[in-house]
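I opened the notebook for a new structure today. These entries are what I looked up, in the order I got to it.

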Amino acid sequence: MLDIFDTLCEINACVSPSGSEEAVSVAIAKVAAPFADSITTDALGNLIVKKNGKPGGKKIMLSAHMDSIGLVVTYIDDKGYIRFSNLGGINAPGLPGTPVRFGNGTRGVVAMEGKVKLADCKIQNLYIDIGVSSREEAEKYVKIADVAAFDTPAFRTGNCIVSPYLDNRISCVTLLRALELVSASTPENELYFVFSVQEEVGTRGAQVAAFGLEPDLGLAVDVTRTGDTPEIAVPMACDAGGGAAVKIMDGSLICSPKLVAALEKCAETNNIKYQREILLNGGTDAGVMQRSKGGMHAGCISIPTRYIHSPQEMCCESDVADSAALIAAFVSAKIEL
Amino acid sequence: MKELVKTLCAIDAPSSFEDAMRDFIRPRAEAAGCEVYEDVLGNLIVHKPGAPADKRIMFAAHMDEVGIIIKALGDDGYLKFACVGGVDVRVLIGKRVLVGANHVPGIIGIKAVHLTTQDERKIVPKINDMYIDIGASSREEAEKLTCCGDYAVFDSFPVDFGEGMLKARAIDDRVGCATMLKLIENGPAVDSWYVFTVQEEVGTRGAAPASHRIKPDAAIILEGTTAGDLPDAKPHLKVCAPGAGAVLPFMDNSAIYDREMFNELRSLAEKNGIRYQIKQYVSGGTDAGNIQRARAGIPVAAISAAVRYIHSPSCVASIDDFEQIYALAAAFLAAHAK
């Protein structure tokens, strides 16, 4: 069985924010290859791993986005300081002091202009310092339009994993593990494991993948927030360690009630720990799948994750195992909705 | 290019009123031996036959411009209006406009300064507090000259000035339309598609249906983009500058451009001595977003002109940049001949 932490580290060792997913795509394809019937990439870079099923089953699209949030270089000044913009939702006051890494291995640290107060800090007040003293020197390592990722560590602590980009590499791991599980026998359904691009900038990859595949049913896998930390602003009934989170709704969709019921029934039948999840903000690939072409039943299994979009996110390893088990059990069996 | 851009900038075509642009483009594209098709939204789709290309290439530029729409005629003959697309309200007051196809002259007015309070003078007035004065003294008089739903455009004729600069309204995106027309008439004889889109300024509405129909393998959007090279802007917020060459964006709010195509354009520019600049800020959006996400996905890139005071009556751009944009688009097309 694929080890959750090791597989995460293997596919997370790249710099692959939205729009630059080649490296993570290669890493995921390598893990998926032993279990796949075919692996293709579409025009926008979505990685599509197919698992053949028995005739007469449903055509199912599973989608976990493989892009991460990130930084993109917009300007290099005379002293070699690098200005950047955000790829996806980044909280600017949370960034100063964060180590970052470019695709070619160049490392630096995010810092803030001296005259700005932390609470007022916007992305345009931040810069990356790569330790050089002129533009010419900086340009030996970094060019405008290059992308960078958080260079923070991954480790296990307590019952949890801490890592950058659990959103959404942990869901990629979940899907890879589900793929491994379904490969034990021929599933009842034709399965497309899509590792989608550009979710963090507006679920752009899943939209075109859904159009291209035209599935009967769509199931996204993504992280969700939790309600189990001190003094949270908005109470939420979803805990790290509470099991696979079956999404009821979020900002992008109301999940198909029939699909939700079928997922819950599947969890109960197979004795898999699960919880319901309603996310008040944010959205997932499920939203665009639901409204692709003539529409489809769509839903989402979420991994409860603390500190989403910060340089150090945290989730519970058992939730990943439960989610993979639920997905595998559900898509392997006959589905009547 | 200069004369063509100037001619196109003088045509009225606020979003959804693109007829005059179509009337100009269609006969020229037909005379160049192209098939021309107008879809139900009014997108003008031009297929230029030629030597086979290694993929189905589509260029796109929008015909529409930001403008004004008349929403009510008052009893006193003044016209209430709304903006079509993103017009900066700060630039409206006192501007001359031309109302409707008959070009009825008008002035955008607001409460007389001696009637305003001190506080009112400190804030940007709302569009609802402005009106267009066409010199009519009653609703009946005004009705003889215009009607509810008429468009208006800024009265701003194209003018060359300074060192190779052009001032005009609607450089966004007549520069893209001019580039496509020149590609159609004089560009490399390579099989290719050109879509002159409608309604970009109100939400890139024309691009998706056109892309669904054409089904390209790659698309290049030719656009005008905001230049911020102004005295009070910090260096890292200047975005791009007229005169520094064709602008290549790597992303904006509508799309992250395809990395391979972005890199290809950059190296084509370097190989052919075409002057270019990379857009150094993430802002704005283009038809690229809806083209990229049409069907099962279409790789997109953009080549833009740096335009100061974009969406105002007096946009400013560099004439030499137009030539660089054309040269780069033509080089891309030539590079994809089989």
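Below are my notes, going from whole chains down to single residues.

**Ground rules.** This is a predicted model, where local features need pLDDT of at least 70, side-chain atom pairs count only at pLDDT 80 or more, and totals for chains, interfaces and linings use all residues. Residues are numbered from 1 along each chain as its sequence is written, while chains are lettered from A and ligands numbered from 1 in the order in which they are written.

**Chain A, overall.** I started with secondary structure: chain A comes to 8 helices and 17 strands. Here helices (H or I, at least four residues) and strands (E, at least two) are DSSP runs, numbered from the N terminus. The C-alpha atoms of chain A fill a box of roughly 65 × 45 × 35 Å along the principal axes. I then checked the radius of gyration, taken over C-alpha atoms, against the globule rule of 2.2 Å times the number of residues to the power 0.38. A compact globule of 337 residues would come out near 20 Å, and chain A has 20 Å, so the two agree. Buried residues make up 55% of the 337. My cut-offs for that: a residue is buried if 20 or more other C-beta atoms lie within 10 Å of its own, exposed if 12 or fewer, and partly exposed in between, with C-beta atoms placed from the backbone.

**Chain B, overall.** Chain B has 9 helices and 17 strands. Its C-alpha trace spans about 65 × 45 × 35 Å along the principal axes. The globule rule gives a value near 20 Å for 338 residues, and chain B, at 21 Å, agrees with that. I get 49% of the 338 residues in chain B as buried.

**Contacts along the sequence.** I call two residues in contact if their C-beta atoms, placed from the backbone, lie within 7 Å. Taking contacts in chain A between residues at least 6 apart in sequence, 76% join residues at least 24 apart. For chain B the figure is 77%.

**Domains.** Bounds here come from an automatic or database domain assignment. Chain A is given domain 1 (4–68 + 165–332) and domain 2 (71–150). Their contact takes 11 residues from domain 1 of chain A and 14 residues from domain 2 of chain A. I sorted the domain 1 side by class and found 4 nonpolar, 6 polar and 1 charged residues. The classes: Ala, Val, Leu, Ile, Met, Phe, Trp, Tyr, Cys and Pro count as nonpolar, Asp, Glu, Lys and Arg as charged, and the others, Gly among them, as polar. The centres of the two domains of chain A, over C-alpha atoms, are separated by 31 Å.

Chain B is given domain 1 (2–65 + 169–335) and domain 2 (67–154). The contact takes 11 residues from domain 1 of chain B and 11 residues from domain 2 of chain B. The domain 1 side has 4 nonpolar, 3 polar and 4 charged residues. In chain B, 31 Å separate the domain centres, taken over C-alpha atoms.

**Between the chains.** Next I looked at where A meets B: 17 residues from chain B and 22 residues from chain A take part in the contact. The chain B side has 11 nonpolar, 3 polar and 3 charged residues.

**The core.** Which residues touch the most other members of the largest nonpolar core? Of its 214 residues, they are Ile28(A), Leu62(A), Leu326(A), Leu328(B) and Ala329(B). A nonpolar core means a set of buried Ala, Val, Leu, Ile, Met, Phe, Trp, Tyr and Cys residues joined through C-beta atoms within 7 Å. Leaving aside neighbours within four places in sequence, the contacts of Leu328(B) include Ala246(B), Leu265(B), Ile274(B) and Ile303(B).

**Helix α4(A).** I followed up on α4(A), residues 166–182: its 17 residues reach 23 Å from first C-alpha to last, close to the 24 Å expected at 1.5 Å a residue. That expected span is 1.5 Å times one less than the number of residues. Of the 17 residues in α4(A), 16 are buried.

**Tyr127(A).** Tyr127(A) sits in strand β8 (residues 126–129) of chain A. It counts as buried because it has 23 C-beta neighbours inside 10 Å. Outside four places in sequence, Tyr127(A) is in contact with Tyr81(A), Ile82(A), Arg83(A) and Ala111(A).

**Asp76(B).** My last stop, Asp76(B), lies in the loop between β4 (67–73) and β5 (79–84) of chain B. With 13 other C-beta atoms within 10 Å, Asp76(B) is partly exposed.
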